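Hi,

Here is the structure I promised to pass on. Could you have a look at it before you set anything up on your side?

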Amino acid sequence: MPNSTTSTTSAASILEKCVQFTRADEIKAQGLYPYFKPISESEDTVVVIEGKRRIMLGSNNYLGLTHHPKVLEAAARALHRYGSGCTGSRFLNGSLDLHVQLEGALAEFVGKEDCIVFSTGYGANLGLISGLVGRGEKVFLDKLDHACIVDGAKLSFGETDRFNHGDLATLERLLQRADPGKGKLVVVDGVYSMEGDIADVPGLLRLCRKYGAALAVDDAHALGVLGPNGEGTGAHFGLQDDVDIIAGTFSKSLASVGGFVAAPERVINYLRHHSRPFIFTAALPPANTAGVLAALEVLQVEPERRERLWKNARRLQEGLRSLGYSIGSTETPIVPVLVGPLDRTMVMWRNMFDAGVFTNPVVPPAVPTSQCRLRTSVMATHTEEQIDFCLDAFARIGRELGAI
Ligand SMILES: Cc1ncc(COP(=O)(O)O)c(C=O)c1O
């Protein structure tokens, strides 16, 4: 039997790293800590933080649907009809007719046979990959894939190979080396969340077909943004039918929380019965489900929102470039402002915040040390005046800090 001294020592050792972790406190002491800022009011493009109105230039609310009257009404109606939560798994007591409707509507919208809805976008990728990739099978990931794709691969019983961002030559070598008789899945982000560039779906499909792999595209940042009607990355290239599996989230264009996987009926049926992140968690709440259904409809009947989004994206991209900023290889409404060193990025974030513009600093380990950035993203509902206000702040602060 361990005595009480031994057990105290071992508990202390697992907790010791928490005591040693002081980096966040040091940054807070300098007044530069940018995370967990509570928003006390939100009017779509403008939020109140620390008592001051600020332009939201760092959301994923691409179409500005979080405050759309139809979305709010649908959510409120569902809240009163079904209550505040499902209190259980889809598998057991938590399935609503609303979930089934949403699955049908999403499958139709993205042009796949069937769909399942998860309680988060994170869970959708986790559940897709861990549910599908079994022992002896392989999953191939781009090194800039979202963390939930990486975690899905870790949770699966298969093996994982990773290739440098967009490096299809390396992907081909990895596919060549894999056992031709074993299942293979390639998973990429359709639009990369920190760079704003678009996956080379035609190139990926060519390799997948050649080596008998299935392609899954996470369209978190592409749904509502890319494609003739906002159907996503495959549609952007005219290849939607060829993409085997589409994953997505409701926390961006669809203005809520939750996620989905759309694929052939047999694949979805398999996931419904094998995906642990789908089965062992509570279902998406009624108000969210109804809100997403309404948002999906608005997305289709108000295409002018997507046009405005792209107009705003071009205004911000061109404005930043003409000021002398590097915005990398972005092709979408995600516009990273490459600042460089960590210290300058944090000061720049703080100065922009004080000037009334909310952006997201992205620092290691998310990006290499010398490539720190402020991630900005536009919404369809930003006005030209709001974008110009942000550009003026970037001009003034960038010059003061010697960033441009
Ligand atoms: C590419 C990508 N996939 C998945 C997710 C996870 O989605 P959610 O935040 O809705 O769980 C995100 C979220 O940031 C993302 O950027």
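First, the ground rules. This is a predicted model, so keep in mind that local features need pLDDT of at least 70 and side-chain atom pairs count only at pLDDT 80 or more, while totals for chains, interfaces and linings use all residues. Residues are numbered from 1 along each chain as its sequence is written, and side-chain values use heavy atoms, with hydrogens and water left out.

**The ligand site**

The ligand takes up the space of the largest pocket. For the pocket search, a 1 Å grid is laid over the protein atoms alone; a pocket is an open set of points with protein on both sides within 12 Å along at least five of seven lines. A molecule sits in a pocket if more than half of its atoms lie within 2 Å of its grid points.

There are 14 residues around the ligand, and Y122, D218, H221, T249 and S251 come nearest (a residue is near a molecule if one of its heavy atoms lies within 4 Å of it). Helix α5 (residues 121-132) gives the largest share of that shell, 3 residues. Helices here are DSSP runs of H or I with at least four residues, strands are runs of E with at least two, and both are numbered from the N terminus.

As for individual atoms, T249 has a polar side-chain atom 2.5 Å from a ligand oxygen, and H221 has one 2.6 Å from a ligand oxygen. With G121 it is a backbone N or O atom, 3.1 Å from an oxygen atom of the ligand. On its own the ligand has 390 Å² of accessible area, and the protein covers 83% of that (areas by the Shrake-Rupley method with a 1.4 Å probe).

**Salt bridges**

I count a salt bridge when a side-chain nitrogen of Lys or Arg lies within 4 Å of a carboxyl oxygen of Asp or Glu. By this rule the count comes to 18. Here are some of them.

- D161 and K138 meet in a salt bridge at 3.0 Å, N to O. D161 lies in strand β6 (residues 159-163) and K138 in strand β5 (residues 138-142), so the pair ties together parts that are 23 residues apart in sequence. Both D161 and K138 are buried (buried is under 20% relative accessible area, exposed over 50%, partly exposed in between, with a 1.4 Å probe and protein chains only).
- R373 and E195 form another, with the closest N and O atoms 3.0 Å apart. R373 belongs to strand β14 (residues 372-377) and E195 to the loop between β7 (184-189) and α8 (201-211), so this pair ties together parts that are 178 residues apart in sequence. R373 is buried, with a relative accessible area of 3%, and E195 counts as buried too, at 16%.
- K311 pairs with E384, the closest N and O atoms being 3.5 Å apart. This one links distant parts of the chain, 73 residues apart: K311 is in helix α13 (residues 304-323) and E384 in helix α15 (residues 384-401). K311 is partly exposed at 44% relative accessibility, and E384 is partly exposed at 28%.

There is also a network of salt bridges that links R90, E103, D114 and R272.

A cis peptide bond joins P364 and P365, with omega about 10 degrees. P365 is in the loop between β13 (360-362) and β14.

Which residue has a positive phi of about 60 degrees although it is not a glycine? That is F36, in the loop between α2 (23-29) and β1 (39-43). F36 is exposed, with a relative accessible area of 75%. T87 has a positive phi as well, near 50 degrees, and is likewise not a glycine. You will find T87 in the loop between α3 (69-82) and α4 (97-110), where it counts as exposed at 70% relative accessibility.

**One distance for orientation**

L175 is in helix α7 (residues 168-177) and is buried, at 2% relative accessibility.

Cheers

Key
Polar contact = N/O pair within 3.5 Å; in protein donor to acceptor, adjacent residues only side chain to side chain. 1 Å grid on protein atoms, 1.4 Å probe; cavity = no way out; pocket = protein on both sides within 12 Å on 5 of 7 lines; lining within 4 Å.
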